[in-house]
Amino acid sequence: MPHVPQLRIPATYMRGGTSKGVFFRLQDLPQAAQVPGPARDALLMRVIGSPDPYAKHTDGMGGATSSTSKCVIISKGSVPGHDVDYLYGQVAIDKAFVDWSGNCGNLSSAVGPFAIANGLLDPARVPRDGTAVVRIWQANIGKTIIAHVPVADGQVQETGDFDLDGVTFPAAEIRLEFIDPSDADEGNGAAAGMFPTGNLVDELDVPGVGRFTATMINAGIPTIFLDAAELGYRGTELQAAINDDAAALARFEAIRVAGAVRMGLIAQPADAATRQHTPKVAFVAPAQDYVSSSGKAIAAGEIDLQVRALSMGRLHHAMMGTAAVAIGTAASIPGTLVNRAAGGGERESVRFGHPSGTLRVGAQAQQVDGRWTVTKAIMSRSARVLMEGAVRVPAGTL
């Protein structure tokens, strides 16, 4: 077999929130991968190590979970009033597929630090000490994210005492504002509005499975919320309880597909294979005592409700950032399943329990002309560079 050299592509491996991903500047990608298409998808799959029938990502940078099979492409802002464009690709693990249909709220926290460190932000906008404000255009969904990044001695401050459940070590706090996160143009005939069906609560018929009460919302990321008790769960489940149950995973996927059709995200069930990242499926329950995956005891009085969410067909080890936006938004609107689980009434913030601990998210929702809108959702995450340099992929990949 003839010798085929490897391409050397500048990249940074970063943790953002409870996720990890490989970050690229658009200008550093090979020419063929600087535009959307098969060449870009092939490159990112090879970087991550997919598709991998062993589901280990041994020959790539991925971690064989939905939280660690991610790539990000950053470029100078193309939309007026924005510093950078942020494009996110969720790489499937065992299939040859990159899903570009949504955002990653966790990795959103690493975009600002990456932009500053890689010269994509005007140096005049970066204080010697203080907070740099980075306006991010989330290109997948066409929305604005504002990142408040701490800076010390002219550099991004990464270390600190901010604890984020699901992340082992403390770091510096990064505050994110998701501006007007609802009613994104999701394509595929999606109905306009925060609630694509027009209802706060629906009865969702799932062929061959049953009928479920559901709140289907498009805020942060399209999400289908279910009642834990109706599914036979308490809402305190950890990953093994769901991910080791093949029948449960199949049922959740059937619910996801039926919900995607009902929300107008896909035209027919078969289309779900090309849209694995969205919508998300989550189940909620009232606040109750439980023990997190780290062994930490969480008292019912510390939280407003319990939420468990699935991503890419598996229960998430913590909570996706975009799903947290959906949770905060739905909690702020009286009558949704999330709001009911939190005790009802009007609220501008909520703290919920997830498998790794707790998370607080705020949202400002209001009703205008009979339709609910949300002006912004706010949460805090952290981010850190894990490694920087270059990734290698065989030249034949392109």
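Residues are numbered from 1 along each chain as its sequence is written, and side-chain values use heavy atoms, with hydrogens and water left out. Because the model is predicted, local features need pLDDT of at least 70 and side-chain atom pairs count only at pLDDT 80 or more, while totals for chains, interfaces and linings use all residues.

A pair of aromatic rings is described by the distance of the centres and the angle of the planes. Rings of Phe, Tyr and Trp (its six-membered ring) were paired if their centres lie within 6.5 Å, with planes under 30 degrees apart counted as stacked, over 60 as edge-to-face and the rest as tilted. Four aromatic pairs were found by this rule. One of them is the stacked pair of Tyr233 and Phe252, with 6.1 Å centre to centre and 15° between the planes. Tyr233 lies in the loop between α3 (228-231) and α4 (239-243) and Phe252 in helix α5 (residues 246-262), so this pair ties together parts that are 19 residues apart in sequence. Helices (H or I, at least four residues) and strands (E, at least two) are DSSP runs, numbered from the N terminus. Phe252 also forms a stacked pair with Phe283, at 5.7 Å centre to centre and 15° between the planes. Since Phe283 belongs to strand β13 (residues 280-286) and Phe252 to helix α5, the pair ties together parts 31 residues apart in sequence. Buried here means under 20% relative accessible area, exposed over 50%, and partly exposed in between (1.4 Å probe, protein chains only). Tyr233 is buried at 14% relative accessibility, Phe252 is buried at 2% and Phe283 is buried at 0%.

Grid points are joined across faces, edges and corners, and a volume is the space filled by probe spheres set on the points. The structure holds two cavities of 30 Å³ or more. The largest has a volume of about 70 Å³, and its lining includes Asn103, Lys143, Phe178 and Thr322. Strands β7 (143-152) and β9 (174-179) are the elements that give two or more residues to this lining, and β7 gives the most, with three. The second largest cavity has a volume of about 50 Å³; among its lining residues are Asn103, His277, His316 and Thr322.

In strand β10 (residues 202-206) the side chains alternate. Strands pair if DSSP finds at least two bridges between them. Strand β10 runs antiparallel to strand β11 (residues 210-219), and five bridges join them. Asp205 stands opposite Arg211 in β11. The two strands, β10 and β11, form a hairpin with three residues between them, and Gly208 in the turn has a positive phi of about 75°.

Key: 1 Å grid on protein atoms, 1.4 Å probe; cavity = no way out; pocket = protein on both sides within 12 Å on 5 of 7 lines; lining within 4 Å.
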